[in-house]
Amino acid sequence: MTAPAQIHLTLPDGSSREVPQGTTPLAVATAIGPRLAAAAVGAELDGETVDLRTPLTRGGALRIVTAGTPEAGPFVRHSAEHLLADAVRRLWPEAEYDAGRQDHSEKYQYDFRFPRPFTPEDLERIEAEMRRIIAEDAPFERIEVSREEAARIFREMGFTLKLERLADIPEGETITLYRHGAFTDLCRGPHVQRAGQVGAIKLLEASGSYFKGDERNERLQRIYGTAFSSERELAAYLEALAEARARDHRKLGPELDLFSFDPLAPASPFFHPKGAVVYNLLIDYVRELNTRNGYGEVVTPQILDVELWHTSGHWANYRENMFFTELDERQYAVKPMNCPTHCLIYAKGLRSYRDLPIRYADFGRLHRYERSGVTSGLTRVRSFAQDDAHVFCTDEQVEAEVLRAVGIIFEIYRTFEFPEVAIGIGLRPENRVGTDAQWDAAERALQRALDRQGLAYTLNPGDGAFYGPKIDFRIKDAIGREWQLGTVQLDYQMPERFGLEYVGADGATHRPVMIHRAMLGSVERFLGILIEHTAGAFPLWLAPVQAVVLPVSERFLDYGQRVRDELAAAGLRVEIDDGNEKLGYKIRQAQLRKVPYMLVVGEREAAAGTAAVRLRSGEDRGPVAVPELIAKLREAAAARRVAEL
RNA sequence: GCCCACGUGGCUCAGGGGUAGAGCACCUCCUUGGUAAGGAGGGGGUCAUCGGUUCGAAUCCGAUCGUGGGCUCCA
């Protein structure tokens with residue numbers, strides 16, 4: 001008989017232990033101390049979640065996760081899934097549960113085969129039942145079973161969905177069940193020790209879903225919920241949700257008179273004058289960067305013969321997202337992307353390697369037919385513009401051109417003060433065009449470019465476009481939500497399809513590489529995100545109204561108008577509130593409109609040639625001489641910074 | 001596209017088979033007021049659209065359009 005092999009564990013405090021292989025994290029926790037064991041909800045081995053009851057087969061960095069820490073979330077929510085399914089079964093024994101899942105946020109979900117949608121009243125009943133289950137505090141058990149045993153259990157329960165799920169588990173993988181009380185589910189874990197450790201729960205909404213997420217499959221009923229170790233954490237989460245709702249651009253946009261929608265053009269925003277100011281300033285900013293970086297702006301047609309779209313491949317791959325029209329027995333399509341028109345411009349002349357790289361920027365209006373259920377506010381629309389550009393270059397130039405684009409992207413994100421930028425490289429997908437050698441070179445070029453800048457990134461296999469790999473930039477906004485904005489994509493396909501060429505130093509013809517690049521992504525979508533990021537309080541340089549003059553009474557209207565005129569003459573966007581109201585009322589109005597600077601003028605100011613500055617933060621800056629005010633506001637707006645007032 | 005919910009004056013919402021309500025906003029008048037709502041009066045809605053049931057529909061039923069939450073997809 002041989003003694004079990006020892007494995008080596010290191011703990012967060014730097015200490016380490018040798019334990020026999022097959023020891024559970026719970027046993028380790030118990031050995032450290034009973035209080036730790038009692039508070040433990042799960043474990044992490046080398047950063048990966050592990051159930052407390054799973055025998056360890058290898059050593060590594062072990063961390064015991066305790067209730068109330070952020071790391072407890074996945075364990076708590078995964079366990080809450082089971083409590084949810086248990087509660088539904090207790091209330092409706094005929095309900096069949098399919099599978100639960102967590103998304104990347106604090107939500108989890110569970111799908112059921114149920115004859116009708118769940119109502120809000122159902123959710124309340126289920127939530128109450130879950131609380132009872134939590135109070136019962138049954139321990140979670142982890143049970144390893146054979147495939148046959150698992151199949152027998154679910155067959156007896158009449159669970160055909162589970163049998164399909166079971167069949168999807170690869171041969172040779174350990175099959176585990178988790179049980180608490182009378183409830184059993186096929187599950188990989190990990191779970192908390194006892195139901196009571198799921199401290200605070202809330203069901204959020206119900207919706208339909210499809211079995212395995214495929215719309216050809218049976219329709220199931222899904223319930224979303226969230227759970228935390230403590231009521232305090234739950235309350236903080238619900239508060240964050242409320243904050244996100246308050247910042248919703250679909251609410252703020254119309255309120256601030258930025259844009260609206262009309263049923264006659266579904267999912268197509270109408271920008272009002274104030275919204276158009278911001279919209280155009282965003283474009284002006286990108287245009288400035290384009291010019292500085294050698295991009296030449298082009299203007300291209302909106303409607304083009306379908307032949308173009310056959311050539312580009314859009315007819316074959318993108319037709320269901322396009323608008324068409326026919327005139328004089330000729331078929332046209334409204335452009336959903338700019339790249340084909342840029343290829344046409346490139347092909348207008350004989351290009352030499354000396355001409356490359358050629359960089360075309362385009363803010364052209366694009367139209368995409370999005371399915372009716374997927375549109376949303378400004379973030380998913382049918383009519384929009386991108387801060388688009390395409391670079392035609394040689395293989396050798398790819399790296400430098402990628403870096404140029406990355407540099408601009410970072411400059412932009414700095415300007416908008418996004419606290420975090422994450423980068424991912426999408427590598428070759430299953431379905432792709434081009435040779436492996438081309439992909440090797442392209443993927444290497446992207447990585448090398450980022451490495452050269454010392455930028456951290458994640459590699460996302462299979463995430464590339466069918467025509468080439470891409471870099472994606474994701475930012476976090478002011479309340480921690482992640483958005484994908486910019487993208488840099490390599491394309492070997494489009495130049496091929498359009499037969500694009502250049503004459504090399506060797507006198508032979510070569511095929512250029514095409515780089516697609518966008519920084520804001522779509523201007524519409526970016527504006528939506530920016531509204532939520534800033535809660536509608538745009539920085540000075542973007543504010544539709546930068547300052548509003550507030551006369552204390554009608555007696556000072558004349559002076560107020562002079563101040564307004566002087567600021568306006570200096571190029572500032574300024575208004576005057578000449579309403580027959582008290583100062584407090586006018587301040588409130590300006591505040592609600594999120595105007596950055598309120599300029600109060602009354603007797604003292606009129607006499608001294610000043611204006612009393614109040615910020616929208618509520619801060620009172622006192623009197624400032626009008627010429628100084630103008631100089632500081634102009635300077636700050638030009639530099640896209642806050643004014644030093 | 002599919003499932004569910006919703007659609008009442010510019011906005012937020014109440015009402016609910018017998019012929020439309022409130023607050024805010026808007027207009028007029030009074031008040032001329034120093035850092036988040038001064039007072040009084042007034043105008044404004046074919047209750048999303050179309051059809052059905054009914055003596056009678058904003059209210060019940062159906063369809064359509066739109067919006068929202070999901071599925072799926074993506075800038």
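Me: What makes the largest set of 87 residues a nonpolar core?

Reply: A nonpolar core is a set of buried Ala, Val, Leu, Ile, Met, Phe, Trp, Tyr and Cys residues joined through side-chain atoms within 4.5 Å, where buried means under 20% relative accessible area (1.4 Å probe, protein chains only). Within this predicted model, Val402, Ile412, Phe416, Leu567 and Tyr597 touch the most other members of the core. Helix α13 (residues 398-415) gives the largest share, nine residues; helices are DSSP runs of H or I, at least four residues.

Me: How do you know that this core lies between domain 3 and domain 4?

Reply: Domain 3 (259-534) and domain 4 (547-639) both contribute residues, and therefore the core lies between them. The domain bounds come from an automatic or database domain assignment.

Me: Why are 53 residues said to surround RNA strand B?

Reply: A residue is near a strand if one of its heavy atoms lies within 4 Å of it. Among the 53 residues, the closest are Ser207, Arg380, Ser553, Asn580 and Arg588.

Me: How is the model treated?

Reply: The model is predicted: local features need pLDDT of at least 70, side-chain atom pairs count only at pLDDT 80 or more, and totals for chains, interfaces and linings use all residues. Residues are numbered from 1 along each chain as its sequence is written, chains are lettered from A and ligands numbered from 1 in the order in which they are written, and side-chain values use heavy atoms, with hydrogens and water left out.

How values were computed: Buried means under 20% relative accessible area, exposed over 50%, partly exposed in between (1.4 Å probe, protein chains only). Helices (H or I, at least four residues) and strands (E, at least two) are DSSP runs, numbered from the N terminus.
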